[in-house]
Amino acid sequence: MERVIGAAIGGGMSVMTWPDHLMTLEEFEQLPEDNSRRYELQEGVLHATPKAAGYHQFVLTRLSAVLDRILPEGWAVVSEPEVVITRTYPPAVRVPDVIVLGLDRILEQPTRFHAQDVAVAVEVLSPGSRRVDNLVKRSEYAEAGIPFYWILDIADQPRFAAHRLVDGVDKEDFNGTGVFMTGEPFDLRIDLGALRTRIVPKRE
């Protein structure tokens with residue numbers, strides 16, 4: 001039996017029919033727009049989760065700004081995009097907190113991205129996503145061939161875990177606090193503690 005739910009959109013109410021079957025990618029694409037929740041597909045099963053809390057959004061914004069400032073030319077950052085992980089039935093569509101990919105792909109203005117577009121996927125852990133981000137998405141992203149997967153835990157002192165694919169196998173390069181440095185897929189240095197503060201530019 002399909003379940004009908006209401007989603008507030010633009011001050012009105014849009015009716016969404018909750019599927020009683022594994023969804024196809026085409027059915028997922030036909031869902032009404034609803035910015036009040038995050039919708040993902042896991043092996044054809046539709047998942048809806050609440051929008052992240054304010055602190056999560058703050059750290060996410062800071063991380064995106066830091067990456068945008070230090071990325072080499074030709075790279076770009078996108079926050080909370082839809083990424084098709086698996087096209088074949090049953091499909092998987094995820095919404096990473098941040099992805100890093102080539103600027104040329106963004107300029108094509110696609111409706112959503114695909115796993116092969118993504119160089120780095122980043123998830124910021126929240127209380128309801130720890131197992132999914134640490135286990136399920138880690139496996140999905142690796143199987144889809146995303147070269148780098150980074151996980152930022154902000155429960156206490158920011159902790160960063162950096163994973164990369166080596167001959168198709170997920171390897172953890174870094175798991176700690178303080179400063180994260182890497183030379184792949186580009187030279188990068190992130191002061192993890194600074195993600196909790198707002199950097200105010202000096203006035204001229």
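## Salt bridges and strand pairing

Arg38 and Asp97 are both buried. In this predicted model, their side chains form a salt bridge, with N and O 3.0 Å apart. Arg38 belongs to strand 3 and Asp97 to the loop between strand 7 and strand 8, so the contact ties together parts that are 59 residues apart in sequence.

Arg38, whose relative accessible area is 15%, also forms a salt bridge with Glu80. Glu80 sits in the loop between strand 5 and strand 6, so this pair ties strand 3 to a part 42 residues away in sequence.

Asp170 is partly exposed at 22%, as is Arg138 at 30%.

| Salt bridge | Closest N to O distance |
|---|---|
| Glu80 and Arg38 | 2.9 Å |

A network of them links Glu40, Arg94, Glu123, Asp133, Lys137 and Glu140.

Strand 6 (residues 83-86) pairs with two strands. With strand 7 (residues 92-94) the pairing is antiparallel and has three bridges; Val84 stands opposite Val93 there. Five residues separate strand 6 from strand 7 in this hairpin. With strand 9 (residues 113-114) the pairing is parallel, over two bridges, and Val83 stands opposite Phe113.

How values were computed. Residues numbered from 1 in each chain as written. Predicted model: local features only at pLDDT ≥ 70, side-chain atom pairs only at ≥ 80, totals over all residues. Heavy atoms only, no water. Pairing = 2+ DSSP bridges. Helix = DSSP H or I, 4+ residues; strand = E, 2+ residues; numbered from the N terminus. Salt bridge = Lys/Arg side-chain N within 4 Å of Asp/Glu carboxyl O. Buried < 20%, exposed > 50% of the residue type's maximum accessible area, 1.4 Å probe, protein only.
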